[in-house]
Amino acid sequence: DAAKSALHAALTDAFEEHRKAEKRADSRLARVVAYDLAQAAQLTATGSLELARERWGEVALQAQAEERCKHVINALRNWIGWLYWQDVLHPSIEVGIAWLLEAGHVGVSEIWLYSRVIEDSIDTLLTRSRAEAQLASVRRNSVELVALHAAVAEAQAAVRVRCSFGDEHGGDTSATVRVRCEFTRGASRVVVGSGGGSVEL
C-alpha cells in the first residue's frame, strides 16, 4: 500500500505539471492569436501569413501534447488504483480469511464480518498514505495561494496615484496628471515615466 501511494503521488505530481504546462501553452496560443489578428493587415502586406500559421501550429501542438500526456497519466493512475483493489488488496484479504478458516479461528458464517473488519481496519490505518497524492496537491495549491496573497498585499501597499484638480477657491480647473508606472510579467518589464519622464493627461 505504501508503494502504491508513493507511485500514485508521483503520478499526481506529473499530472499537475502537465496540467500547468497545458494552461501555459493555451494562454500563449491565445496571446499569439490575438496579436496576429490585430496585426493582420501588416502580416498580409509583408507576406508573413505562413510564418504566423507555423507559429500557431507549433504552439497548438505543444498544448495538445501536454493534454495527451495529462490524460495518459490520469488513465495510468486510475488503472493502478483499480489493479491494487482487484488484484492485490481483495486477494490478500481472502488468503488471510482462508488461513483463519483452516486454522479454525473463524467459522463459515463469520467470513463476511471478518472481511469487512479487515478492510475497515486497513482503511483507517492507511488513510494518510492513501491520501498522499491529494495532500501533495493541497500543499502545492497552498504555496501558490501564499504567493498570490503576498503579491496582492504588495500591490495594495504600493503608493497610490494622487491627483489634484484646480483650486478649491475657483482657480484654474485644468489638471495635469504625471504618472510613473512599472509593470512586470515573467521576464518582461515595462516602465512608463522613468527618468523624469511622465504621461500627461
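Which helix does Leu100 lie in? Leu100 lies in helix α3, where helices (H or I, at least four residues) and strands (E, at least two) are DSSP runs numbered from the N terminus. The model is a predicted one, so to speak of local features a pLDDT of at least 70 is needed, side-chain atom pairs count only at pLDDT 80 or more, and totals for chains, interfaces and linings use all residues. Residues are numbered from 1 along each chain as its sequence is written, and side-chain values use heavy atoms, with hydrogens and water left out.

First, the overall layout. The protein has six helices and four strands, and along the sequence they run α-α-α-α-α-α-β-β-β-β. Of the 201 residues, 20% are buried, that is, under 20% relative accessible area with a 1.4 Å probe and protein chains only (exposed is over 50%, partly exposed in between). Taking contact as heavy atoms within 4.5 Å, 53% of the contacts between residues at least 6 apart in sequence join residues at least 24 apart.

Now for confidence. The mean pLDDT (the predictor's confidence in each residue, from 0 to 100) is 76 for the protein, and 76% of its residues reach 70 or more. Helix α3 (residues 49–103) does best with a mean of 84, while strand β4 (residues 199–200) sits lowest at 38. Over residues 196–201 the pLDDT is below 50, yet this stretch still has 13 contacts in the model beyond near neighbours in sequence.

Back to α3. This helix has 55 residues and reaches 80 Å from its first C-alpha to its last, close to the expected 81 Å; the expected span is 1.5 Å times one less than the number of residues. At Tyr84, α3 bends by about 35°, the bend being the angle between axes fitted to the seven residues ending there and the seven starting there. Just after the helix, Gly104 takes a positive phi of about 80°.

As for Leu100, this residue counts as buried because its relative accessibility is 19%. Setting aside neighbours within four places in sequence, Leu100 is in contact with His105, Val106 and Tyr114. Its C-alpha is separated by 9.4 Å from that of Ile111, 11 residues apart along the chain.
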